Amino acid sequence: MDSDKRACLALIIGRAVNQNYQSVYDFGAGKLCMFTSSGGVDNIHVFDFQRNSVVTGSLASLYDMGTNSFTTVNMNGSSFSGFDYGTTSYFSGNINGNVVMIYDGQNSSYNTYSLM
C-alpha cells in the first residue's frame, strides 16, 4: 500500500489504543499527515487530508473510499496483523507508546510512524 494509506492505518491502530490521536508523522516520507476522526474501534470514521478520502468501519472491516477497498486489522495486545484487499497484501507490526511500526508485505518494507 502507499505511504499515505499506511499513515492512515497507523492512526487507526493508534486510536484502537488511545482515542486522542489526530496526526501522524511519517518518518519514511518525512512529513506530517493530518486527519480528523471520530468514533471508536467498532465504528470509526476518519477523514484523510493527504488522500482527500474517508475510511470508515470497524477494525475487522475498514472501508477505504479512496481505493474502494477493504482492509482488515487484528489486534493482539500491542501487536497487529491484517490484510489490505486493495493491494492484496498482508501487513503486520506493533505499537509501542505513540510509535507504530508497520511491515508492508506488498513491498517488503518496514515503516515507522509517530502518533500525535
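These legends walk through several close-up views of a predicted model.

View 1. Let us start with the overall picture: the chain holds one helix and ten strands. Following the sequence, the order is α-β-β-β-β-β-β-β-β-β-β. The radius of gyration is 12 Å, close to the 13 Å that the globule rule gives for 116 residues, so the chain is as compact as a globular protein of that length. Its C-alpha trace spans about 30 × 30 × 25 Å along the principal axes. Of the 116 residues, 45% are buried. The accessible surface comes to about 5400 Å², and carbon and sulfur atoms account for 51% of that area. Among contacts between residues at least 6 apart in sequence, 32% join residues at least 24 apart.

**View 2. The largest nonpolar core, with 25 residues.** In soluble globular proteins, nonpolar side chains tend to be buried together. Here, the residues with the most contacts inside the largest core are Leu9, Ile12, Val24, Phe35, Val73 and Ile102. Helix H1 and strands E2, E3, E8 (89-96), E9 (99-104) and E10 (109-115) each supply at least two residues of this core. Which element gives the largest share of this core? That is H1, with seven residues.

**View 3. Ile102 and its surroundings.** This view moves to one of the core residues with the most contacts, Ile102.

**View 4. Lys31 and Asp4, a salt bridge between a strand and the helix.** Side chains of opposite charge can pair when their charged atoms come close. In this pair, the closest N and O atoms of Lys31 and Asp4 are 2.9 Å apart. Are the two residues buried or exposed? Lys31 has 30% relative accessibility and counts as partly exposed, whereas Asp4, with a relative accessible area of 15%, is buried.

**View 5. Arg51 and its two aspartate partners.** A search of the whole structure finds six salt bridges, and this view gathers some of them around Arg51. The Arg51 side chain meets that of Asp48 in a salt bridge of 2.8 Å, N to O. Another salt bridge, also 2.8 Å from N to O, joins Arg51 to Asp64. Arg51 lies in the loop between strand E3 (44-48) and strand E4 (53-58), while Asp64 is in strand E5 (residues 61-64), so this pair ties together parts that are 13 residues apart in sequence. How buried are the three residues? Arg51 counts as buried at 17% relative accessibility, Asp48 is buried at 0%, and Asp64 is buried at 2%. Stepping back, Lys5, Asp48, Arg51, Asp64 and Asp84 are linked in a network of salt bridges.

**View 6. Ser37, a buried residue in strand E2.** The next stop is Ser37, which is found in strand E2. Its relative accessible area is 16%, so Ser37 counts as buried. The side chains of Ser37 and Arg15 are joined by a polar contact of 3.1 Å. Apart from neighbours within four places in sequence, Ser37 is in contact with Leu11, Arg15, Tyr21, Gln22, His45 and Val46.

**View 7. Asp42, an exposed residue in a loop.** The tour ends at Asp42, placed in the loop between E2 and E3. With 67% relative accessibility, Asp42 counts as exposed. Which residues does Asp42 touch, not counting those up to four places away in sequence? They are Gly57 and Ser58. Ala60 can be located from here too: the C-alpha atoms of Asp42 and Ala60 are separated by 8.3 Å, with the two residues 18 apart along the chain.

Note on methods:
Residues numbered from 1 in each chain as written. Predicted model: local features only at pLDDT ≥ 70, side-chain atom pairs only at ≥ 80, totals over all residues. Heavy atoms only, no water. Salt bridge = Lys/Arg side-chain N within 4 Å of Asp/Glu carboxyl O. Helix = DSSP H or I, 4+ residues; strand = E, 2+ residues; numbered from the N terminus. Buried < 20%, exposed > 50% of the residue type's maximum accessible area, 1.4 Å probe, protein only. Core = buried A, V, L, I, M, F, W, Y, C linked by side-chain atoms within 4.5 Å. Polar contact = N/O pair within 3.5 Å; in protein donor to acceptor, adjacent residues only side chain to side chain. Contact = heavy atoms within 4.5 Å. Rg over C-alpha atoms; globule rule 2.2 N^0.38 Å. Areas by Shrake-Rupley, 256 points an atom, 1.4 Å probe, with all protein chains shown as cover.
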